[in-house]
Amino acid sequence: MSRDRSPRRPRRLDRSALIAASLTALSLTASGCVVVHGEREILPATTRAEAATALQQFTTAYNAADKAYDSSLDAAHVTGALGDIDAARLKAGHTNYPTGNPNYAPLELTDAKFTIPKKAGWPRWFVADTAANKGGSARWLLVFTRNDLSEPFQVAYLTLLAPTAVPEFKTDKDGWAEAVPANSTELAVAPGELSQSYATYLKSGGTTFADGTHTSAWRADRAKNAAKPGLATQFLDEPLTSGDYAPLALRTADGGALVFFTTRYFQKETAAAGTSVPAQNKDVQALTTGEVQQSLTLQLVSNEVALDPKRGGKVSVLGRIEGLTSAQGG
């Protein structure tokens, strides 16, 4: 059962209606010629019914892949940061349990609220805010995106937030949300620059981000790990901003934006002479190439969600889900 974040319209546009509206967006020139501008027409990214179908299809595929530890079973329904994290998790699971997941329990997503922006061009995308039978009382926020009508919607971002942390979004009279451009200058940080700003902050600190679990506390934790006797730990953070890693932002009711974005980081552990890198669990071992002697370099993809306020405020990173995608011994 799903419910919309805003009241339903008296009549819902179906997919064919949206396509027709896009293709028949016409403007008359002074000479009387008709010009088609389908890519410029501002339309809801999808219908609410189609969003619900995409959520159901994702859940079915995700459960099949999780049960079999087979990434081919949900590859058509995940992309971007979540696609990388999910594929590596399933690869490690298959290596350790070739016959499938011995602890499989199906994921159930319920009480879905869909926030669908009205926009022109591609990608078309929307956010599903759901309850789940995993993760306690946290709400699961899944960002579905696609680049063509012939493609299925795929989940690029997933984050878990406390119900009180999910902001109120700005919507029009019909309940459609507003997508914020990547180059917006109205916000503390343009959405397109947030990944780089976050990577820079994790390295050098600064005042762009508000203190919190995923900012000041994470920097402190890294510093603590780097100071362990006999084991040097180095971090290198990189932005990921192109293609299916592109940030996506929704206007909040207060004029700011909720931004989903991606970073990648490397964590290199080097043991002192005469010692060795601590033993890793079997999932890390399954993703490790090369022989681990004095060092181990982990590569992780991390997807974040942040409240980006109007200019002059500080960005608050609300959630972060990361996953190991590969490791290299040395």
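This is a predicted model: local features need pLDDT of at least 70, side-chain atom pairs count only at pLDDT 80 or more; totals for chains, interfaces and linings use all residues.
Residues are numbered from 1 along each chain as its sequence is written, and side-chain values rest on heavy atoms, with hydrogens and water left out.

Contact being defined as heavy atoms within 4.5 Å, Leu298 is in contact with Tyr265, Phe266, Gln267, Val284, Leu324, Ser326 and Ala327, when neighbours within four places in sequence are left aside.

In helix 4, the buried residues are Leu194, Ser195, Tyr198, Ala199, Tyr201 and Leu202. Seen down the helix axis, the buried residues fall within an arc of 160°, so they line one face of helix 4; the arc is that of the directions from the helix axis to the C-beta atoms. These buried residues pack against helix 5 (216-226), strand 9, strand 11, strand 13 (295-308) and strand 14 (316-329), whereas the exposed residues Lys203 and Ser204 are carried on the face turned away from the buried side. Just after helix 4, Gly205 takes a positive phi of about 80°.

Aromatic rings were examined next. Rings of Phe, Tyr and Trp (its six-membered ring) pair if their centres lie within 6.5 Å, and planes under 30 degrees apart count as stacked, over 60 as edge-to-face and the rest as tilted. By this rule the count comes to twelve aromatic pairs. In one of them, the ring centres of Tyr198 and Phe261 are 5.6 Å apart and the planes stand at 85°, so the pair is edge-to-face. This pair links distant parts of the chain, with Tyr198 in helix 4 (residues 194-204) and Phe261 in strand 11 (residues 257-271), 63 residues apart. Tyr198 is buried, with a relative accessible area of 0%, and Phe261 is buried at 1%. Phe235 and Tyr265 form a tilted aromatic pair, with 6.5 Å from centre to centre and 45° between the planes. As Phe235 lies in strand 9 (residues 231-240) and Tyr265 in strand 11, this pair ties together parts that are 30 residues apart in sequence. Phe235 is partly exposed, with a relative accessible area of 26%, while Tyr265 counts as buried at 3%. Arg222 lies over the face of Tyr265, at 5.0 Å from the ring centre, a charge being taken to sit over a ring if NZ of Lys or CZ of Arg is within 6 Å of the ring centre and within 35 degrees of the ring normal. Elsewhere, ring pairs link Phe58, Tyr62, Phe114, Phe126, Phe144 and Phe153 into a cluster.

A further group of features involves strands 7 and 8. Strand 7 and strand 8 pair in the antiparallel sense over seven bridges, at least two DSSP bridges being required for pairing, and Leu141 stands opposite Thr159 in strand 8. Seven of the eight residues of strand 8 (residues 154-161) are buried. Thr145, placed in strand 7 (residues 139-146), is buried at 7% relative accessibility, and its contacts beyond four places in sequence include Pro123, Arg124 and Phe153. Pro123 is found in the loop between strand 5 (118-119) and strand 6 (124-132), and a cis peptide bond, with omega about 0°, joins Trp122 and Pro123. Arg124 lies over the face of Trp122, at 5.4 Å from the ring centre.

Notes. Helices (H or I, at least four residues) and strands (E, at least two) are DSSP runs, numbered from the N terminus. Buried means under 20% relative accessible area, exposed over 50%, partly exposed in between (1.4 Å probe, protein chains only).
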